[in-house]
Amino acid sequence: MQLGLDISTTTTGYALVNKDIIYAMGFVDLKKETDLSDKAWALLNGLAELQSFSSIKTIVVEDSLSGFSRGRTSQQTIIKLAKFNAITCFLFEHHLQIKPVLVNANTARKQLFGKARVKGMSAKDFVKEQVESKFDINSYIKYTKTGLWDKRNMDAMDALVVAKYLLPND
């Protein structure tokens, strides 16, 4: 069983996979927690409730940003994400006795889809299109109270992409 995480301080996506089977996929809302360590504990406790959690043998984490994204990401945001990523990885490693594998999002996309993106299409749209065409994830998709597609599903899809890293392609 392989756990993939797309770690963020507001919403963290997760996916539990084994070869071609998706056992769990979703996101954990961390907005209510204010302290980074409290967010990490909330994430661990939320995922520990999953039925297959004790079967995890590998943890794959989408590596945090290391550079600025054309003016959209501040230095403080990158530092905060790197800290939270480190805290979360340490906590999961300590709890499960499994050292997380960090993978660049583009590397994971290239392995799973053959390419990381398509010119003229945002990375998020590319991932959504590819995941929906390759996997049956309808039972994992969440909707808002008003019935709209929840944008946090993208975090779950990103987690699925990294969860499939190191596994043979279907």
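In this predicted model, helix α1, which covers residues 36–48, and helix α2, which covers residues 75–96, have axes that come within 9 Å of one another and cross at roughly 45 degrees. That angle makes α1 oblique to α2, because an angle counts as roughly parallel only under 35 degrees and as roughly perpendicular from 65 to 115. The crossing in which α1 passes α2 is right-handed.

With the angle and the distance in hand, one can turn to the residues that meet. On the side of α1, the contact is formed by Leu 36, Ser 37, Lys 39, Ala 40, Trp 41, Leu 43, Leu 44 and Leu 47, and these meet Lys 80, Lys 83, Phe 84, Ile 87, Thr 88, Leu 91, Phe 92 and His 95 of α2.

Lys 19 is found in the loop that joins β2 (11–18) to β3 (21–29), and although Lys 19 is not a glycine, its phi is positive, at about 55 degrees. Is Lys 19 buried or exposed? With a relative accessible area of 56%, Lys 19 is exposed, since a residue counts as exposed when that value is over 50%.

The second residue, Gln 97, lies in the loop between α2 and β5 (101–103). Gln 97 is likewise a residue other than glycine with a positive phi, here near 60 degrees, and its relative accessible area of 67% makes Gln 97 exposed.

Technical notes:
Residues are numbered from 1 along each chain as its sequence is written. This is a predicted model: local features need pLDDT of at least 70, side-chain atom pairs count only at pLDDT 80 or more; totals for chains, interfaces and linings use all residues. Side-chain values use heavy atoms; hydrogens and water are left out. Axes are lines fitted to C-alpha atoms, for helices over the stretch in contact, and angles run from 0 to 180 degrees between N-to-C directions. Helices (H or I, at least four residues) and strands (E, at least two) are DSSP runs, numbered from the N terminus. Angles under 35 degrees count as roughly parallel, over 145 as roughly antiparallel, 65 to 115 as roughly perpendicular and the rest as oblique. A crossing is left-handed if the near helix is turned anticlockwise from the far one by less than a right angle, and right-handed if clockwise. Contact means heavy atoms within 4.5 Å. Buried means under 20% relative accessible area, exposed over 50%, partly exposed in between (1.4 Å probe, protein chains only).
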